[in-house]
Amino acid sequence: MALTGLEIFKLLPNKNCGECGVPTCLAFAMKLAGKIAEPEVCPYISDEALEILGTAQSPPIKKLAFKYCSDEISIGAETVMFRHEKTFVNQTLLALEISDALNEDEFNKELNRIESYKFERVGEMLEPECISLKNESDDKNNYLQKLEIISSKTGKIIILGNCNSEMIKESIQLVDNKRMILNRVQNLEETLEIISDSQIPIVVQAKNLEELFVQVSICEAQNSKNIILSIDFNNLNELLEDNVYLRRLAIKKGIKLAGYPILTECNDEDSLSSTILGICKYSSIIILKNFTGASLFPFLTLRQNIFTDPQKPLQIDSGIYKVGEPDENSPLIVTTNFSLTYFIVSGEIENSIYPVWLFIVDAEGMSVLTAWSANKFSGEIVGRALKNSGIDEKINHRRVIIPGYVAIISGELEDELKDWEVLVGPQEAADIPKYLKETWR
Ligand code: SF4
């Protein structure tokens with residue numbers, strides 16, 4: 001459990017020397033409690049205090065990091081029950097299952113299909129990050145061959161499913177260990193022995209919480225700390241109950257045995273509901289058995305929404321954007337830097353016959369009406385931003401179109417931009433093509 005400022009203060013040297021950048025040890029303790037300083041900054045702190053602070057200040061759910069394409073990606077490290085309390089830290093990874101029993105042609109076709117699932121939304125590339133290779137052939141050579149194909153053709157994390165100890169022994173020689181997860185191993189004790197020198201995460205499976213904690217204890221006793229939890233469920237209620245219990249035990253009660261990321265394997269029958277539930281309620285990895293591009297996209301969108309920091313809306317940089325190839329006679333449209341607003345407005349402009357200069361005002365990532373009511377999109381702010389933007393060197397007219405929802409700022413904007421004409425555009429982005437066609441000459 002996180003320590004309070006006073007509890008941390010008792011661990012500090014009490015020299016009040018100021019070398020940590022604040023005048024007193026108490027002030028430094030408060031910074032540590034607020035997680036805005038690192039204990040190592042104090043040159044006099046004892047090793048014992050460092051160890052206590054390291055353990056106490058680490059997140060209640062263990063963070064596991066993986067190599068993903070040329071990047072790193074993590075799961076776990078969560079600190080809250082609800083995203084509005086702070087934010088969820090690491091998004092649920094989606095894994096698509098593929099069977100090793102497919103013949104080579106079918107396997108390659110399926111792999112290409114998985115690789116093709118990439119979607120761009122509000123400036124972010126969305127895709128499933130993992131492939132789960134299920135051992136159905138029970139043929140070691142065949143499994144290893146398929147594993148090699150995945151490893152060489154994709155940069156995704158690979159979940160090895162249903163493998164025996166021999167398969168695991170050879171697999172860890174074939175694939176970068178930082179890209180691997182072991183799931184549904186056939187012999188837990190033997191596997192722990194095989195991976196004892198590595199950091200490969202292992203999924204611990206059980207039918208209920210009690211059984212799960214026994215399995216976790218076995219792993220911890222063998223010094224295996226890279227654990228992922230998974231409980232079989234028969235219906236959505238069980239999935240919800242188990243995931244919520246685990247999160248509560250880890251975060252509210254500080255039970256270490258529950259402090260690991262959760263993996264959920266969706267059943268064929270209710271994969272839609274269980275994936276939605278898992279994304280919203282605490283699954284760090286979800287394995288999908290049946291999937292198409294059409295079924296994946298809503299999951300990726302939901303995930304993007306749930307794991308966006310509620311205190312930091314998705315936003316783009318302010319400034320002048322070209323939509324099409326605008327020239328000095330092209331219209332100038334103004335809106336806010338909320339990503340969704342930008343992508344909807346620019347999409348609708350693309351649907352019109354007009355190339356446009358789109359001027360994005362920094363409104364702290366808020367949509368138009370929200371920004372206006374928070375006084376971040378007033379006539380004065382928009383006018384000042386336009387004056388400093390350099391747009392007057394790109395156009396030879398002095399007309400600016402503002403969103404219809406903030407028609408109220410037009411007078412103030414005209415006061416700010418003396419020689420300009422302020423035009424009130426439509427309220428809905430979908431009406432922009434019609435508006436430009438009828439209005440812009
Ligand atoms: Fe206290 Fe250490 Fe900061 Fe000095 S450097 S004031 S001893 S916390």
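**Pockets of a predicted model**

Me: Which element gives the most to the lining of the largest pocket?
Reply: In this predicted model, local features need pLDDT of at least 70, side-chain atom pairs count only at pLDDT 80 or more, and totals for chains, interfaces and linings use all residues. Residues are numbered from 1 along each chain as its sequence is written, and side-chain values use heavy atoms, without hydrogens and water. Helices (H or I, at least four residues) and strands (E, at least two) are DSSP runs numbered from the N terminus. With three residues, the element that gives the most to this lining is α3.

Me: Where does the largest pocket lie?
Reply: A pocket is an open set of points on a 1 Å grid over the protein atoms alone, where a 1.4 Å probe fits, with protein on both sides within 12 Å along at least five of seven lines; lining residues have an atom within 4 Å of a point. Domain bounds come from an automatic or database domain assignment. Both domains give residues to the lining, so the largest pocket lies between domain 1 (5–57) and domain 2 (64–306).

Me: What is the volume of the second largest pocket?
Reply: Grid points are joined across faces, edges and corners, and a volume is the space filled by probe spheres set on the points. For the second largest pocket, this volume is about 360 Å³.

Me: Which element gives the most to the lining of the second largest pocket?
Reply: This pocket is lined by 21 residues, with T341, V345, V368, Q427 and A429 nearest its centre. Elements giving two or more residues to the lining include β14 (332–336) and α12 (339–350). The most, four residues, comes from α12.
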